[in-house]
Amino acid sequence: MNPASAWRSILAFLAAVVLTVVWGAVVQTQYNLAALTGIGVEISASTNLRATLTDIFSGFSPTYAGYIVLPALLVAFVVAWLVVRRTGAPLPWFALGGGLAILAGIPLVNWLSPLALLIGANRDFSSVVLMAAGGAVGGILFAWLAYPRPRAMERTDRPYR
Amino acid sequence: MRPMLARSMLARSVLARSMLALLIAIAAPLCASAEPASYQLEVLAEPLEHPWSIAFLPDGGILVTERPGRLRIVAPDGLRTEPVEGLPAVFASGQAGLFDALLAEDFADTGVLYLSYAHGNDDANHTRIVRARFDGRQLLDVTPIFTTQPAKSGDAHFGGRMAWMPDGTLLLGTGDGFFFREESQNLASHLGKILRIRDDGSVPEDNPFVGTANAKPEIYSYGHRHVQAIVIDREQSVIYAHEHGPRGGDEINVIRPGRNYGWPVISHGKDYSRALITPYTSYEGMEQPLLYWTPSIAPAGMTLYDGPLFPQWRRSFFVAALAEESVRRVPLLDGGAPGVQETLFTELEQRIRDIRTGPDGALYLVTDEPDGQLVRVLPRN
């Protein structure tokens with residue numbers, strides 16, 4: 001791997017982490033707020049937006065990134081990279097790896113944690129699935145950014161006219 | 001048994017004394033706990049496996065519950081080897097186990113006491129109260145008088161503290177079961193409530209939700225997360241309770257019948273992931289705490305001290321703290337507002353589960369460790 005492609009991979013990885021974290025933050029905020037509206041609490045659209053932005057930009061994101069997304073995607077993307085070297089087709093493999101990494105990473109960290117549950121929204125397993133979808137989207141973003149696209153290569157191979 | 005623990009072990013040399021004086025001079029304006037120690041700590045019994053509560057027997061002995069399901073006797077001459085026999089089967093796992101021991105007010109005549117504990121298994125469990133007769137060695141006539149409903153799964157947030165009201169009714173604090181926090185707002189559930197029953201488990205007719213459709217008639221107050229202590233100030237006729245918040249938002253509340261204390265709709269704490277549990281710290285119809293702790297200290301037992309041995313500490317709450325491994329002294333000012341807090345007994349370096357005022361006016365505490373201790377706090381001289 002040359003330095004330019006290494007840097008591209010690192011930036012692609014960070015972009016995938018950020019996207020997965022923000023996706024997960026939004027999902028878990030909506031689950032927490034839905035649980036409150038389910039018991040009759042009024043939550044306006046502006047309160048919902050403010051709570052979502054708070055979770056993205058303050059407390060939740062560093063926890064989710066540090067304990068789950070970053071290590072899970074790192075392991076998954078290394079495995080996916082090894083697979084893609086043999087098979088090609090990076091996009092489905094990184095999507096699959098990202099999704100499975102979060103799907104397994106959340107329960108694993110909850111199990112390892114001395115707390116009964118690290119992420120309250122994960123009381124409902126469907127929230128884990130939706131947060132894992134963020135991992136899949138992060139994988140797609142990584143593959144899209146880190147691997148040269150065929151169309152772009154075709155253009156560069158075209159003779160000058 | 002360990003010898004007396006003296007607080008100022010540093011002051012053994014001139015140099016150490018000088019450094020200590022300098023530190024105190026620097027820290028005194030900043031920290032209310034920097035006064036010279038006015039107390040000494042005496043270990044009365046060890047090892048106790050995760051002791052949970054303390055009850056004083058009229059003969060001078062002390063009953064200590066151990067969370068795995070044992071009731072121990074600390075006689076004036078030390079810890080008895082054999083636990084009390086005849087205890088009910090306890091679901092012991094995580095936070096579940098044997099909780100509180102509360103003597104009947106006529107215990108000296110009847111030997112009747114009440115135990116609270118986790119009943120069931122990991123899939124379906126409850127907080128239960130049994131009444132029993134204690135003959136000095138074993139429990140007899142063990143009778144369940146109250147069991148929370150519905151059953152819940154998991155081994156967290158049972159509550160379990162009990163206290164007598166001046167009218168002879170019994171208060172029990174419960175928890176939300178951790179995974180079921182919305183149940184604290186559900187009047188058809190005992191989870192996340194303070195409950196009031198008679199000493200036979202029946203419902204007092206003047207409970208606030210008697211006659212309310214789909215409400216458990218035992219409910220006295222609701223919207224609690226995990227009640228950890230209930231203290232009745234008989235002088236002022238005020239009920240105080242404290243409870244664990246999540247990450248931050250531990251609270252002391254003044255408990256009034258029928259009131260909603262807000263969990264999980266309002267909280268000064270956050271989820272363990274640092275996410276918002278709720279966007280609200282106040283909401284119409286919900287009570288604000290007397291005080292809250294953020295970050296959490298994880299309050300456990302509590303006593304309102306009014307004994308003769310520490311006149312400077314009278315009318316103060318002493319709040320055992322698990323996470324902070326301390327006891328917080330919270331003076332109650334005239335009018336009931338909390339004063340400047342003091343952090344005490346950190347030299348024990350142990351999680352503190354319960355603290356009570358003994359009949360002799362000393363403070364007694366137990367430490368929440370696998371080899372926990374029963375410790376007495378006495379004036380230094």
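## Terms and source

Helices (H or I, at least four residues) and strands (E, at least two) are DSSP runs, numbered from the N terminus. This is a predicted model, in which local features need pLDDT of at least 70, side-chain atom pairs count only at pLDDT 80 or more, and totals for chains, interfaces and linings use all residues. Residues are numbered from 1 along each chain as its sequence is written, while chains are lettered from A and ligands numbered from 1 in the order in which they are written.

## Chain A overall

Chain A has 6 helices and 0 strands. Read from the N terminus, its elements run α-α-α-α-α-α. Its C-alpha atoms fill a box of roughly 65 × 40 × 25 Å, taken along the principal axes.

Of the 161 residues of chain A, 38% count as buried. A residue is buried if 20 or more other C-beta atoms lie within 10 Å of its own, exposed if 12 or fewer, and partly exposed in between, with C-beta atoms placed from the backbone. Two residues are in contact if their C-beta atoms, placed from the backbone, lie within 7 Å. Among the contacts in chain A between residues at least 6 apart in sequence, 79% join residues at least 24 apart.

## Helix α1 and its partners in chain A

Helix α1 of chain A covers residues 3-37 and packs with helix α5 of chain A, residues 125-146, at an angle of about 160°, the axes being 8 Å apart. Axes are lines fitted to C-alpha atoms, for helices over the stretch in contact, and angles run from 0 to 180 degrees between N-to-C directions. α1(A) and α5(A) are therefore roughly antiparallel to each other. Angles under 35 degrees count as roughly parallel, over 145 as roughly antiparallel, 65 to 115 as roughly perpendicular and the rest as oblique. The crossing of α1(A) and α5(A) is right-handed; a crossing is left-handed if the near helix is turned anticlockwise from the far one by less than a right angle, and right-handed if clockwise. By class, the contact of α1(A) with α5(A) has 16 nonpolar, 9 polar and 1 charged residues. Ala, Val, Leu, Ile, Met, Phe, Trp, Tyr, Cys and Pro count as nonpolar, Asp, Glu, Lys and Arg as charged, and the others, Gly among them, as polar.

Helix α2 of chain A (residues 45-57) also meets α1(A): their axes come within 9 Å and cross at roughly 135°. That makes α1(A) oblique to α2(A). α1(A) passes α2(A) in a right-handed crossing. From α1(A), the contact takes in A:Val22, A:Ala25, A:Val26, A:Thr29 and A:Leu33, and from α2(A), A:Asn48, A:Ala51, A:Thr52, A:Asp55 and A:Ile56. The residues of this contact between α1(A) and α2(A) divide into 6 nonpolar, 3 polar and 1 charged.

A:Gly139 is found in helix α5 of chain A. With 30 C-beta neighbours inside 10 Å, A:Gly139 counts as buried. Leaving aside neighbours within four places in sequence, A:Gly139 is in contact with A:Ala16, A:Phe94, A:Ala95, A:Gly97, A:Gly98 and A:Gly99. A:Gly139 and A:Ala76 are 63 residues apart in sequence, and their C-alpha atoms are 9.2 Å apart in space.

Chain B has 2 helices and 24 strands. The radius of gyration of chain B is 21 Å, close to the 21 Å that the globule rule gives for 381 residues, so chain B is as compact as a globular protein of that length. The radius of gyration is taken over C-alpha atoms, and the globule rule is 2.2 Å times the number of residues to the power 0.38. Of the 381 residues of chain B, 46% count as buried.

In chain B, 17 residues are in contact with 25 residues of chain A. The side of chain B that touches chain A has 9 nonpolar, 4 polar and 4 charged residues.

## Backbone details in chain B

Most residues other than glycine have a negative phi, and most peptide bonds are trans. The peptide bond from B:Gln149 to B:Pro150 is cis, with omega near 0°, and B:Pro150 is in the loop between β9 (139-147) and β10 (162-164) of chain B. The bond from B:Trp263 to B:Pro264 is also cis, with omega near 0°. B:Pro264 lies in the loop between β16 (250-255) and β17 (291-293) of chain B.

B:His50, in the loop between β1 (39-48) and β2 (51-56) of chain B, has a positive phi near 45°. B:His50 counts as buried, with 21 C-beta neighbours inside 10 Å. B:Glu325 has a positive phi of about 50° although it is not a glycine.
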